[in-house]
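Have the model open and follow along.

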Amino acid sequence: QVQLVESGGGLVQAGGSLRLSCAASARTFSRYAMAWFRQAPGKECEFVAAISANGASTDYANSVKGRFTISRDNAKNTVYVQMNSLKLEDTAVYYCAAEFVGIFYGRIVSGAAAYDYWGQGTQVTVSS
């Protein structure tokens, strides 16, 4: 079992920045692909960004490309997403997700259904 705990959410004005963190309990964190998803009220869960187990590969939703940056520190069992130039439409609960990939260190895992482990989420609210 892997436990994920997100932090760093909050209220920010449009155009501002936030950095979300996700701490994982996995003993072999470096063998897990990680991702961020978000869900706004009344909307479905939406992919935000993903990173391979070794951190060499990343992927982003078109809506956040150029504004968000996903990264990880395997020594700290933590994945981050730096969110810049925030927009009102970025308001959502942000979830961290993990999927064991074993020796496939460079693999990006796509799709929410592929992730077995999820955090509780952290609220991000962007105000005008």
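A quick term to start: buried means under 20% relative accessible area, exposed means over 50%, and partly exposed is in between (1.4 Å probe, protein chains only). At 11% relative accessibility, Arg67 is therefore buried.

This is a predicted model, where local features need pLDDT of at least 70, side-chain atom pairs count only at pLDDT 80 or more, and totals for chains, interfaces and linings use all residues. Residues are numbered from 1 along each chain as its sequence is written, and side-chain values use heavy atoms, leaving out hydrogens and water.

You'll find Arg67 in the loop between β6 (58–60) and β7 (68–73); strands are DSSP runs of E, at least two residues, numbered from the N terminus. Leaving aside residues up to four places away in sequence, Arg67 touches several others (heavy atoms within 4.5 Å), including Met83, Leu86 and Asp90.

## Aromatic pairs

Searching the whole structure turns up five aromatic pairs. Rings of Phe, Tyr and Trp (its six-membered ring) pair if their centres lie within 6.5 Å; planes under 30 degrees apart are stacked, over 60 edge-to-face, and the rest tilted.

Take Tyr32 and Phe100: their ring centres are 5.3 Å apart and their planes sit at 70°, so this pair is edge-to-face. Tyr32 is in strand β4 (residues 32–39) and Phe100 in strand β9, so the pair ties together parts 68 residues apart in sequence. Tyr32 is buried at 9% relative accessibility, while Phe100 is partly exposed at 41%.

Technical notes:
Helix = DSSP H or I, 4+ residues; strand = E, 2+ residues; numbered from the N terminus.
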